[in-house]
Amino acid sequence: MVSRVRVWLNRTYAENVFFMDQLRSNPQGRPVEIHATHGDPDSPVLAAADTAAMEPEGLSTAAYVEYALDQCARRGIDVFVPVLHQAALVEHREEFAAVGTALLAPSARAVATFQDKVTAYEAVRALGVPVPPWSRVRSAEELLAAVDALEAAGHKACFKPATGAGGMGFRIVTRSPFSLLHLGGFPSPYVPLDLVLDALRRTEEPVDWLVMPLLTEPEVSVDCLTGTDGRVRMAVGRTKNGRRRGFTLHPRWIEPARLIAENFGLHHLSNIQFRVHGGEPVLLDVNTRPAGGLHQLSLCGINAPWAAVRLALGEDPGDVVPPFLGQDYAVVAGPRPVRPVSLPQQQRTDAPAEPAPVPGPAAATAPAATTAPAAPAAAAGLAVRPQPAADRPLAV
């Protein structure tokens with residue numbers, strides 16, 4: 001009888017419902033049971049899991065590590081995919097191993113290096129991988145000097161927090177005064193420099209920002225799967241140019257990503273992002289976790305989450321090479337179920353007597369074997385349309 005694999009995802013992003021779908025539809029037909037925890041009762045990952053629980057609030061980092069160890073021991077977790085408190089959890093890898101749990105996460109050194117973007121840029125530049133010019137600023141005067149220098153060199157300036165994930169806190173600096181143009185349409189990432197300077201001078205809260213030139217597209221996110229032996233098993237680039245998405249294996253993106261993954265202990269799944277400065281690829285960011293768009297590699301015939309779980313279990317999946325590169329596509333939103341009512345029923349006056357069916361798992365407690373895998377493009381919320389070869393933005 002094939003043994004069951006028990007996987008836990010702690011407080012993670014909603015897109016990981018697709019990560020979970022791919023684990024269940026693994027090509028080996030191996031039974032997978034998924035446990036999910038979160039701080040938001042309406043997170044779709046809770047509904048998509050086989051078992052789910054709310055995480056306790058107010059725990060210190062040390063207390064959260066104890067909570068995680070207890071969860072793994074009591075629930076028989078084989079593979080733990082940590083997002084929240086990843087830096088602290090990977091420091092206790094041996095303790096998790098002692099209760100029979102493998103961490104699907106990079107080395108402690110890698111997590112520490114890439115938590116801070118300045119530390120990351122300095123380390124990567126020393127390796128020979130190009131990075132954009134940057135300045136670290138903590139005051140209005142430092143911000144003004146950095147923006148002046150960039151604009152004098154012919155660049156448009158932007159800033160983002162020195163620590164943090166995704167695009168949170170990213171803003172583009174403009175000299176245009178605040179006007180009704182800023183209030184029309186959807187919120188814009190552009191912020192008038194004078195308002196930012198005024199806010200900095202009035203606040204007593206510390207800021208820690210990275211100021212750099214606004215980098216141009218395409219943006220290429222290279223998803224890597226690396227063993228604890230330092231060998232990269234998978235490196236596939238996902239391209240973004242406006243709404244259009246695609247895939248690439250071009251060495252100008254793949255080789256620097258491999259170099260970073262191999263040299264910094266980026267074990268298991270990581271995501272290394274590049275943009276363009278002066279016509280050449282430069283590092284944008286390194287995520288020491290599975291990317292939210294990882295499931296999009298299903299359009300290339302790859303089940304990256306399952307390959308990663310196998311690697312974490314000590315079962316080398318070998319080189320994970322796409323049998324083909326999928327055609328260009330766009331990402332669209334789609335419905336996913338949440339757990340039964342979190343609002344009091346009397347507040348749901350518009351609820352129909354019989355809820356309309358929603359694609360995806362029927363309930364949080366549905367057995368994994370009863371969850372029929374969806375077609376990759378439909379399950380991932382991807383709209384695919386062929387693109388003429390002459391229009392393809394990148395060599396692949």
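Visitor: How many residues does the largest nonpolar core have?

Guide: This is a predicted model, so to speak of a local feature we need pLDDT of at least 70, side-chain atom pairs count only at pLDDT 80 or more, and totals for chains, interfaces and linings use all residues. Residues are numbered from 1 along each chain as its sequence is written, and side-chain values use heavy atoms, leaving out hydrogens and water. A nonpolar core is a set of buried Ala, Val, Leu, Ile, Met, Phe, Trp, Tyr and Cys residues joined through side-chain atoms within 4.5 Å, with buried meaning under 20% relative accessible area, exposed over 50% and partly exposed in between (1.4 Å probe, protein chains only). Val-7, Leu-104 and Leu-269 are among the residues with the most contacts inside the largest core, and its size is 37 residues.

Visitor: Which element gives the largest share of this core?

Guide: Helices (H or I, at least four residues) and strands (E, at least two) are DSSP runs, numbered from the N terminus. Elements supplying at least two core residues each include strand S1 (5-9), strand S12 (232-241) and helix H11 (304-312). With seven residues, the largest share comes from H11.

Visitor: How far apart are the end C-alpha atoms of helix H3?

Guide: The expected span of a helix is 1.5 Å times one less than its number of residues. For the 15 residues of H3 (residues 61-75), that gives 21 Å, and the model agrees, because the end C-alpha atoms are 21 Å apart.

Visitor: Is Asp-285 buried or exposed?

Guide: Asp-285 sits in strand S15 (residues 280-287). Leaving aside neighbours within four places in sequence, Asp-285 is in contact with Lys-117, Asn-271, Ile-272 and Gln-273. Its relative accessibility is 10%, so Asp-285 counts as buried.

Visitor: Where is there a cis peptide bond, and what is its omega?

Guide: Most peptide bonds are trans. Here a cis one joins Glu-217 and Pro-218, and Pro-218 has its place in strand S11 (residues 216-226). For that bond, omega is about 10°.

Visitor: His-268 has a positive phi; what is its relative accessible area?

Guide: Phi of His-268 is near 65°, in a residue other than glycine, and His-268 is found in strand S14 (residues 268-277). His-85, in the loop between S4 and H4, has a positive phi too, near 55°, but counts as partly exposed because its relative accessibility is 26%. His-268 is buried, with a relative accessible area of 5%.

Visitor: What share of the chain is buried?

Guide: The chain holds 12 helices and 17 strands. Of contacts between residues at least 6 apart in sequence, 66% join residues at least 24 apart. Out of the 396 residues in the chain, the buried share is 47%.

Definitions and conventions:
Contact means heavy atoms within 4.5 Å.
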